[in-house]
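Dear colleague,

Please find the structure below, handed over for your files. My notes on its pocket, core and helices follow.

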Amino acid sequence: MKLISKLTLTFVMWLGVVGSAFAIDAVYSDFFGKAIRGYDPVAYFSQAQPVKGNSDFTYQWNGAEWYFSTQENLIAFMANPDQYAPQYGGYCAWAVSKGYTAKIDPTAWNIVNGKLYLNYSKSVQQTWQQDIDGNIRQGDQNWPRLLAE
């Protein structure tokens, strides 16, 4: 009986460690801690396209390392990160609208009402685009709960 109790206690402790290890971060980042997989968040707005950032221009914000293609973009982001950072911490906007999180493809993106939204892939982006307003409404409702889990 003592062996079972010890095994149960060990399992419960393990679940606590695993559960906290899988809690989502406020910003989606890759294995190396790069937000948006190293793409420049300001370039989506200023150049209307995804642009790979440069390791010479980085900034730590909200638990992730953000990369920029130019010093000017870095300065713009530092002045107002909320203006340029993708919605839902850079997780897939369609996944968040469905109540879960998923990684992103930096080339699957949209700017809607001055906000950047990223998707898992181009095909998921097409699905998300079929009801952008509805998906944003649902994503806005789901996001606080996903962060709290």
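A pocket here is an open set of points on a 1 Å grid over the protein atoms alone, where a 1.4 Å probe fits, with protein on both sides within 12 Å along at least five of seven lines; its lining residues have an atom within 4 Å of a point. The model is predicted, so local features need pLDDT of at least 70 and side-chain atom pairs count only at pLDDT 80 or more, while totals for chains, interfaces and linings use all residues. Residues are numbered from 1 along each chain as its sequence is written, and side-chain values use heavy atoms, with hydrogens and water left out.

Fourteen residues line the largest pocket, and Trp-61, Asn-62, Asp-82, Pro-86 and Gly-89 lie nearest its centre.

Ile-36, Trp-66 and Phe-77 have the most contacts inside the largest nonpolar core, which has 34 residues. Such a core is a set of buried Ala, Val, Leu, Ile, Met, Phe, Trp, Tyr and Cys residues joined through side-chain atoms within 4.5 Å; buried means under 20% relative accessible area with a 1.4 Å probe, protein chains only.

Helices (H or I, at least four residues) and strands (E, at least two) are DSSP runs, numbered from the N terminus. In H6 (residues 122-129), Val-124, Gln-125 and Trp-128 are buried. These buried residues fall within an arc of 105° seen down the axis of H6, so they line one face of the helix; the arc is that of the directions from the helix axis to the C-beta atoms. Their cover includes strands E3 (105-112) and E4 (115-119) and helices H5 (93-97) and H7.

Asn-142 lies in H7 (residues 132-148) and is buried, at 9% relative accessible area.

Kind regards

Note on methods:
Buried means under 20% relative accessible area, exposed over 50%, partly exposed in between (1.4 Å probe, protein chains only). Contact means heavy atoms within 4.5 Å.
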